[in-house]
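Reader: I would like to learn how to read a model of this kind with care, feature by feature. Could we begin with the ligand and work outwards from there?

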Amino acid sequence: MKSKLEQIRKQAQEALEKVSDSDALLNLEKKFLGRKAELARISKQMKDLADAERPLIGKLINDVKRDISSIIQKKRSETGGVGKSKEFDYTLPGLRPNIGHVHPIMRFLEKIEDIFMKMGYEVADGPELETQEYNFDLLNFPDEHPARDTQDTFYVDVKDSKGREKLLRTHTSNVQIHAMKTRKPPVRILVPGRVFRNERTDAGHEAIFYQCEGFVIDENIKITDLMGTLELFVKRLYGKEAKIRVRPHFFPFTEPSVEVDMSCLLCKGDGCPFCKKTGWVEVLGAGMIHPNVLENMNVDPKKYSGFAFGLGIDRFMMLYYQVNDIRLSYGGDLRFLEQF
Ligand code: DAH
């Protein structure tokens with residue numbers, strides 16, 4: 001048995017000496033130290049040995065195992081590790097996983113939030129499935145007033161607690177009222193969100209799109225604060241050359257109300273199809289919050305005043321990235337999305 005062990009030691013040394021790649025090394029390790037190796041078989045026969053012999057043979061088995069292991073360790077560091085494969089080349093470029101990215105509308109929304117948050121605004125949220133009360137009544141739309149029709153509302157087959165049909169909100173202005181349930185002036189609030197209108201879609205219109213509402217309520221807020229805020233906003237977003245112009249308009253929830261146009265960035269004001277050859281693009285509605293609306297928010301209109309504005313995020317995004325059809329944003333076509 002002793003000579004058998006010495007023989008194994010010698011065979012292993014010789015075989016390992018010649019080895020030069022990690023696969024062959026692994027095979028030899030199995031052959032000499034594995035469960036079915038000669039050494040393992042001999043270890044099992046230990047119990048049949050005479051008492052005097054057993055410790056000597058036991059020690060020899062251990063010595064042989066240790067020697068073989070240490071040669072294997074040494075060889076392993078020479079051949080570059082354990083493994084099936086050939087050498088691992090860690091200079092090869094990795095495989096890039098296909099993980100997608102933030103949608104351009106959302107990315108643009110983050111830009112808008114960032115600008116307003118730096119002006120001290122907080123971001124608030126509100127429901128998309130809404131009651132007529134919050135979408136219209138509390139915003140000073142009189143019953144049966146034609147202004148309700150201008151919003152092409154999707155009514156839903158769900159009743160509110162007063163038995164009236166609910167609707168998909170037509171604008172983010174509903175959150176003006178919701179937000180003021182839990183707040184007191186002074187406030188500066190920004191409300192980005194999805195809105196719904198039963199519109200025929202074309203290059204400039206979608207039935208589901210994004211708006212961003214903003215409003216400020218404090219003592220002594222004037223329309224000039226609104227103008228200054230909007231001007232600063234467009235310049236921060238588009239750069240110094242961006243200009244705004246204001247036209248009188250009507251919204252039930254603001255008085256006075258205005259519509260705001262921005263100089264067309266596609267043609268730099270010369271006139272192009274996007275701005276309908278006027279050099280200006282309508283981008284938002286705004287005004288001073290109507291005293292009736294302030295009362296509906298439980299705010300005293302004699303003490304406080306406020307301005308509000310609502311902008312179409314899609315329009316702003318299209319101007320920014322020079323996209324000429326709003327439907328591209330929502331089509332989910334990767335050829336479009338991967339450009340951002
Ligand atoms: N809610 C209006 C719309 O969807 C936009 C708007 C106009 C919001 C004037 C305002 C505002 O807060 O003051 O057409």
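Author: Let us start with one atom pair: in this predicted model, a nitrogen atom of the ligand is 3.0 Å from an N or O atom in the side chain of His-171. A polar contact is a pair of N or O atoms within 3.5 Å; within protein, one must be able to donate a hydrogen and the other to accept it, and residues adjacent in sequence count only if both atoms are side-chain atoms. The side chain of Ser-173 also places an N or O atom 3.0 Å from a nitrogen atom of the ligand, and for Glu-213 the pair involves an oxygen atom of the ligand, at 2.6 Å from an N or O atom of the side chain. Taken alone, the ligand exposes 360 Å², of which the protein buries 92%; accessible areas come from the Shrake-Rupley method with a 1.4 Å probe, and for residues only the protein chains shown count as cover.

Reader: How many residues surround the ligand, and which strands each supply at least two residues of the shell?

Author: A residue is near a molecule or strand if one of its heavy atoms lies within 4 Å of it, and 15 residues surround the ligand, the closest being His-171, Ser-173, Arg-197, Gln-211 and Glu-213. At least two residues of the shell come from each of β6 (208-218), β9 (280-289) and β10 (305-312), where helices (H or I, at least four residues) and strands (E, at least two) are DSSP runs, numbered from the N terminus. The shell divides into five nonpolar, eight polar and two charged residues; Ala, Val, Leu, Ile, Met, Phe, Trp, Tyr, Cys and Pro count as nonpolar, Asp, Glu, Lys and Arg as charged, and the others, Gly among them, as polar.

Reader: What conventions and what confidence should I keep in mind?

Author: Residues are numbered from 1 along each chain as its sequence is written. Because this is a predicted model, local features need pLDDT of at least 70 and side-chain atom pairs count only at pLDDT 80 or more, while totals for chains, interfaces and linings use all residues, and side-chain values use heavy atoms, with hydrogens and water left out. The predictor's confidence in each residue is its pLDDT, from 0 to 100; the chain averages 90, and 97% of the residues score at least 70. Where pLDDT is low, the predicted coordinates should not be read in detail.

Reader: Is Val-191 buried or exposed, and which residues does Val-191 touch?

Author: Buried means under 20% relative accessible area, exposed over 50%, and partly exposed in between (1.4 Å probe, protein chains only). Val-191, in strand β5 (residues 187-196), has a relative accessible area of 0% and is therefore buried. Contact means heavy atoms within 4.5 Å, and, not counting residues up to four places away in sequence, Val-191 touches Ala-124, Thr-172, Val-175, Gln-211, Cys-212, Glu-213 and Phe-215.

Reader: What does strand β8 show at Thr-254 and Ser-263?

Author: Strand β8 (residues 254-263) holds Thr-254, which is buried because its relative accessible area is 2%, and whose side chain makes a polar contact of 2.7 Å with the side chain of Ser-257. Ser-263, also in strand β8, counts as buried at 12% relative accessibility; leaving out residues up to four places away in sequence, Ser-263 touches Glu-241, Ala-242, Lys-243, Gly-279 and Trp-280.

Reader: Where are the cis peptide bonds, and which residues have a positive phi?

Author: Most residues other than glycine have a negative phi, and most peptide bonds are trans. Here a cis bond joins Pro-185 and Pro-186, with omega about 5°, and Pro-186 lies in the loop between α8 (174-180) and β5; the bond from Glu-255 to Pro-256 is also cis, with omega near -5°, and Pro-256 belongs to strand β8. Phi is positive at Asn-140, near 70°, and at Asn-298, near 65°.
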